[in-house]
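Subject: Structure for your files

Hello,

Here is the structure you were expecting. My notes follow below it.

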Amino acid sequence: MAEPMRRYSVGYALAPKKQASFIQVSLVNLAKERGIDLIKIDSEKPLIDQGPFDCVLHKQYGEDWKRQLEEYGSENPQALIIDSPEAIERLHNRISMLQVVTELEIECETASFGIPKQTVIYDAKMVSAIYLENEGLKFPVIAKPLVADGSAKSHKMLLVFNKDGFRKLKPPIVLQEFVNHGAVIFKVYVVGDYVKCVKRKSLPDVKEDSLGRLESYLPFSQVSNLNTCEKNDDKYYKLMNLEDSEFPPLSLLTDIARGLRRATKLHLFNFDVIRDNRVGNRYLVIDINYFPGYAKMPNYERVLTDFFWDVLNRNDKSFESLKKVHCEKEVRVLVGNSGCGEDEGTLPVSPLKIEENENPIQV
C-alpha cells in the first residue's frame with residue numbers, strides 16, 4: 001500500500017483586503033492537491049498558540065507582530081518565515097528602497113539601468129525654499145510620502161508641475177523626477193526564483209511646452225495610474241502605446257530580479273520599471289513593493305503553489321535564509337550628494353535635510 005502523501009501547513013497572516021484578493025479558492029484547491037494546506041492565522045490569538053505550521057506567510061507589521069514571529073521561530077526552529085520583518089522594512093522607506101538598486105553590479109551590453117533622480121525634504125518650513133535646480137531636478141516632479149508601508153497615506157502622491165504645487169506637500173516627502181516613458185510601465189513580479197514581467201498603462205508623457213498651461217499639481221493614487229477622473233478621459237487612452245511597446249531585455253530583468261532578491265533577502269516582491277524616452281535603451285526602477293497583488297499576475301495559483309512546494313521541500317538553497325526570523329542589523333546610510341554618478345543611478349539626499357501582456361522568465 002502506498003504511503004499517504006505528507007501534508008504541509010502554511011499559516012497565513014494577511015490584512016483582510018490582501019486576504020480577499022490572494023486567498024482564492026483556486027489557489028487553496030491547487031495547493032491542497034499538492035499536499036499543502038493554507039490555514040488562516042487568527043489575529044485575535046497569540047501566534048505561539050496556533051499551528052504548528054511548516055511555514056508562516058505574512059504581510060503584517062508592528063513591534064508586537066515582530067515579537068510574535070520571533071517567539072514562534074524560537075519555539076519552532078524548523079518553521080520557515082516568509083519574509084523577515086527586518087528585510088521587509090527596508091522597502092518602507094523610499095530612499096533606502098531604491099538605494100539597493102544602485103548597489104547592484106550588473107553588466108548588460110544592450111541596455112543600462114538606474115533609478116530616477118530624487119531628493120527628500122524632512123521639514124515643512126523648507127518646502128517653499130527648495131530650488132529644484134540645486135537638487136538636479138526640474139518640473140514636473142512626482143511627490144511621494146517618504147514612508148511606503150502600504151497604507152492609504154503612503155499612496156497619496158502628486159504630479160507637481162510648478163512651484164505653486166509645493167503648497168500641497170506635507171513632509172517628510174520625496175521629490176522624484178518625472179521621466180517621460182511612453183505611458184507604459186513594466187511590472188516585474190518575483191516569486192522566489194520565478195519572474196514574470198507584464199505591461200501596464202501608466203501616466204502619459206508631459207511635454208515641456210505644456211507646463212505653463214497645466215494646473216499646479218495632479219493627484220493620483222499610484223505612480224502607475226491617473227485618478228479615476230483622468231482615466232475616463234478618452235484623450236488619456238489615445239496616448240497609450242501598450243501594444244507597440246517592447247519589453248526590456250529579458251537578461252536585464254532577470255539580473256535585476258536576482259540582484260534585488262539577494263540584496264534584500266526577500267522572496268515575494270515586485271519592482272516597477274519604465275523606459276527613459278530620452279535614452280531608448282535605458283531603464284529606470286521607480287518602485288519596489290513587498291508581497292504585491294499576485295492575483296493580477298497570470299496563472300498566479302500555479303506559480304505560488306510551486307513556490308510553496310520548493311520552499312517546504314528545500315529545493316532551493318536560498319530558501320535556507322527563511323529559517324532566520326532576524327536579518328543582521330544593518331547601518332542604513334543614505335546616499336549623499338556625492339553618491340553615484342548619473343549613469344549609475346543618482347540618488348541625492350537634499351541638503352535641506354534637517355535630520356496584460358506577459359513575459360515569463362526564470363531566474
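What percentage of the 363 residues of the protein chain count as buried? The figure is 51%, where buried means under 20% relative accessible area, exposed means over 50%, and partly exposed lies in between (1.4 Å probe, protein chains only).

Before the details, some housekeeping. This is a predicted model, in which local features need pLDDT of at least 70 and side-chain atom pairs count only at pLDDT 80 or more, while totals for chains, interfaces and linings use all residues. Residues are numbered from 1 along each chain as its sequence is written, and side-chain values use heavy atoms, with hydrogens and water left out.

Overall

The protein chain has nine helices and 15 strands. Both are DSSP runs numbered from the N terminus: helices are H or I with at least four residues, strands are E with at least two. The accessible surface of the protein chain is about 18100 Å², and carbon and sulfur atoms account for 49% of that. Accessible areas come from the Shrake-Rupley method with a 1.4 Å probe; for residues, only the protein chains shown count as cover.

Salt bridges

The whole structure contains 13 salt bridges, a salt bridge being a side-chain nitrogen of Lys or Arg within 4 Å of a carboxyl oxygen of Asp or Glu.

Arg67 takes part in two of the contacts listed here. With Asp64, the N to O distance is 2.7 Å; with Glu71, the closest N and O atoms are 3.5 Å apart. Helix α3 (residues 63-75) holds Arg67 and Asp64 three residues apart, so about one helical turn separates them. Arg67 and Glu71 are four residues apart in helix α3, again about one helical turn. An α-helix has 3.6 residues a turn, so residues three or four places apart point the same way. Arg67 is partly exposed at 45% relative accessibility, Asp64 is partly exposed at 45%, and Glu71 is partly exposed at 35%.

Glu103 and Arg90 also form a salt bridge, with 3.3 Å between the closest N and O atoms. This pair links distant parts of the chain, 13 residues apart: Glu103 lies in the loop between α5 (94-102) and β5 (112-114), and Arg90 in the loop between α4 (85-89) and α5. Glu103 is partly exposed at 41% relative accessibility, whereas Arg90 is buried at 8%.

A network of salt bridges links Arg34, Arg302 and Asp306.

Helix α9

Helix α9 (residues 300-312) has 13 residues and should span 18 Å at 1.5 Å a residue; its end C-alpha atoms are 18 Å apart, which agrees. The expected span is 1.5 Å times one less than the number of residues. Among the buried residues of α9 are Tyr300, Glu301, Phe307, Phe308 and Leu312. Just after α9, Arg314 has a positive phi of about 55°.

Lys153, Lys156, Lys168 and Lys170 form a surface patch of positive charge. Patch residues have over 30% relative accessible area and no salt bridge, and like charges are joined within 9 Å. Lys168 sits in the loop between β8 (157-160) and β9 (173-177) and is partly exposed at 46% relative accessibility.

Ile81, in strand β4 (residues 80-82), is buried with a relative accessible area of 2%. Its C-alpha is 5.9 Å from that of Cys55, although Ile81 and Cys55 are 26 residues apart in sequence.

Regards

Notes:
Patch = residues over 30% accessible without salt bridge, like charges linked within 9 Å, V, L, I, M, F, W, Y side chains within 5 Å. Lys, Arg positive; Asp, Glu negative; His and termini not counted. Charge placed at Lys NZ, Arg CZ, Asp CG, Glu CD.
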